[in-house]
Amino acid sequence: MRIVWILALAVIVSAGCARQMEPVQIGAPAVEKRKVMDGTKVVKSEAEWRKELGPEKYHVLREKGTERPFTGELDHAFDPGSYRCAGCGEELFTSEAKYDSGCGWPAFFDPADAEAIDEETDTTYGMVRTEVLCSNCGGHLGHLFPDGPRPTGTRYCINSAALTFSSSEA
Ligand code: FE
């Protein structure tokens, strides 16, 4: 019986030593919180977007909504300056490429920088269209059509609510 107790004690002591031999991670976080990345640079929760944008801009930018034609305040704005994403502030278009297409929404024949715009195929409403999104925040901007003026022949049909205008005039 005594030998059993000695063996049991040896097992307990060796187990304790083994535990002490385990490497100790100093400063390692207990739980690491990670943001879910969706391929875009600016990632916010829907609650954050809703609070920051307000109902109209949220509907257009985050729910792929479309404002009623001829209602956007930038539809007939042609002062010199730049048009930025209303979601993240990234420059998307300039006044140099803006023209009056008569379609009811701000129209541009070229983006400020090709990298600023993402394109995706949109098959909603029984149509096949090219959706245009801000590459920085993933916000929906509008659609792209092949009926623009020269030199590109492209029409970026963009919701006014998805843009903010910064005048370049002093
Ligand atoms: Fe953006």
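Reader: Which residue is the bridge partner of R84 in strand 2?
Author: E91 is the bridge partner of R84. Strands here are DSSP runs of E, at least two residues; helices are runs of H or I, at least four; both are numbered from the N terminus. Also, this is a predicted model: local features need pLDDT of at least 70, side-chain atom pairs count only at pLDDT 80 or more, and totals for chains, interfaces and linings use all residues. Residues are numbered from 1 along each chain as its sequence is written.
Reader: In which sense do strand 1 and strand 2 pair?
Author: Antiparallel, over 3 bridges. Two strands pair if DSSP finds at least two bridges between them.
Reader: What does G89 do in that hairpin?
Author: G89 takes a positive phi near 90°. The hairpin has 5 residues between the strands.
Reader: New topic. Where is the kink in helix 2?
Author: The kink lies at G54, shortly before the proline P55. It is about 125°. That bend is the angle between axes fitted to the seven residues ending there and the seven starting there.
Reader: And K57, buried or exposed?
Author: K57 is buried, because 23 other C-beta atoms lie within 10 Å. Buried means 20 or more such atoms within 10 Å, exposed 12 or fewer, partly exposed in between, with C-beta atoms placed from the backbone.
Reader: What does K57 touch?
Author: A86 and A161, not counting residues up to four places away in sequence. Contact means C-beta atoms, placed from the backbone, within 7 Å.

Notes: Two residues are in contact if their C-beta atoms, placed from the backbone, lie within 7 Å.
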